[in-house]
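Trainee: Could you take me through a close look at one part of this model, and how its neighbourhood is put together? I'd like to follow it on screen as you talk.

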Amino acid sequence: MLDAALIQQCADPSLKPAIVEQFVTAAGANDRLAVTVKSGGRLILVPKAMTPDEAMAIVRQHVGEAVVRVGLTQFPAGVGVKDASELKPDLVDPCENLRKGTTMFAKVLRIVAKWYGNPKSDDVFPQMFEDAVYAWKTGEFEGVNVFQADDPGKSVMIDKVLPADQDKAGVDILPADTDAESVEKSESVGSAEMRIDLSRIGGN
């Protein structure tokens, strides 16, 4: 569970603390140095980072060639970056990662809410949240790249919370790349059959 003070200090203020917790539970990681690398729907085995420098080395090694997620929110490291040298160590800083991740997720949630017609009903929010988590993990929603898309604006209100029994919506969705076809293919393969691309271990 995220520290309440960390949420208060660092998370996007447009999201209620309960939503921040639910988001990180559903789509994030417990380890602030966690780095997940996927290519073509396949999970690439990488060494466990023990220091921020090690985590950033792994990120820089793979960004641009694979989908790299990092930190508490599993933030997409390559978004808005043209070269690995532009990546900053704050990606693995808990506060900055939470700030970046929740700001981006709030935008994704607003994109989903706008598609739904900005419904006011509490009953619709759990499905919207689950769709937003799925979009966060795949990078797409209804054919739109949610990380690159324009923010529909703060006029889209996100003031709901999930029922207690749905606070883990979407946890069974594997992190995926932004290729929708690869997403579908990767989800059709059981975890026991998932191939680990060992050829990339050790870097280029």
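Mentor: Let's start with N118, which sits in the loop between α4 and α5; helices here are DSSP runs of H or I with at least four residues, strands are E runs of at least two, and both are numbered from the N terminus. This is a predicted model, so local features need pLDDT of at least 70 and side-chain atom pairs count only at pLDDT 80 or more, while totals for chains, interfaces and linings use all residues. Residues are numbered from 1 along each chain as its sequence is written, and side-chain values use heavy atoms, without hydrogens and water.

The backbone at N118 deserves a look: its phi is near 50 degrees, a positive value in a residue other than glycine. Most residues other than glycine have a negative phi. N118 is partly exposed, at 32% relative accessibility (buried is under 20%, exposed over 50%, partly exposed in between, with a 1.4 Å probe and protein chains only). E142 also has a positive phi of about 50 degrees without being a glycine. E142 lies in the loop between β5 (140-141) and β6 (144-145), and at 54% relative accessibility it is exposed.

Now follow the chain into α5 (residues 125-138), where you will find V133. V133 is buried, with a relative accessible area of 0%.

The axes of α2 (residues 17-27) and α5 come within 10 Å and cross at roughly 50 degrees. From α2 come I19, Q22, F23, A26 and A27, and from α5 F125, F129, V133, W136 and K137, with contact meaning heavy atoms within 4.5 Å. These residues divide into eight nonpolar, one polar and one charged.

A disulfide (cysteine sulfur atoms within 2.5 Å) joins C10 to C95, with S to S at 2.0 Å. The pair links distant parts of the chain, C10 in α1 (residues 4-10) and C95 in α4 (residues 94-115), 85 residues apart. C10 is buried at 2% relative accessible area, and C95 is buried at 15%.

Key:
Axes fitted to C-alpha atoms, helices over the stretch in contact; angles between N-to-C directions. Nonpolar A, V, L, I, M, F, W, Y, C, P; charged D, E, K, R; others polar.
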